Amino acid sequence: MAEDPQIPLISFRPSEDPPWFTAGKNTPATHIRNVRKGLHPLGFALLGKAGARCGNCENLYRRLWIRGYIKCRKTIATHGPGTDVRKKWAACEHWKEAQPQ
Ligand code: SF4
């Protein structure tokens, strides 16, 4: 089939995720969708402050059920991966510097 010169060719490539976010086969679809919309995986706006990560935020805590799960105080913690947090994620608008213990 010949190409129609009136129809421009558009190339699609998968969106490039930021270096602080790695989508794997178990990554919740909501996290991927939020990051590709330019948001934090939990849906908050990104803070954009150098060095600020979920891992050094006051709102991060470990919730013990059968195992320990890393969660954020700014969301309702469910029993599912949709509210799990990764320490390497870039900080969101609610970031507050963690105080030394
Ligand atoms: S408040 Fe934001 S930066 Fe802090 S742990 Fe929660 S999602 Fe991460």
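Which helix holds R33? R33 is in helix α1, residues 29–36. Helices here are DSSP runs of H or I with at least four residues, strands are E runs of at least two, and both are numbered from the N terminus.

Two ground rules. Residue numbers start from 1 along each chain as its sequence is written. The model is predicted, so local features need pLDDT of at least 70 and side-chain atom pairs count only at pLDDT 80 or more, while totals for chains, interfaces and linings use all residues.

Back to R33. Is it buried or exposed? R33 is exposed, because 12 other C-beta atoms lie within 10 Å. The cut-offs, with C-beta atoms placed from the backbone: 20 or more is buried, 12 or fewer exposed, in between partly exposed. R33 and G43 sit 10 residues apart in sequence, with 8.9 Å from C-alpha to C-alpha.

Next, the strands. β1 (residues 60–64) pairs with β2 (residues 68–72), antiparallel, over five bridges. Pairing takes at least two DSSP bridges. The two strands make a hairpin, with three residues between them. Y61 stands opposite K71 in β2.

Last, the ligand. It is surrounded by 14 residues, and the closest are C54, C57, C72, C92 and H94. Near means a C-beta atom, placed from the backbone, within 6 Å.
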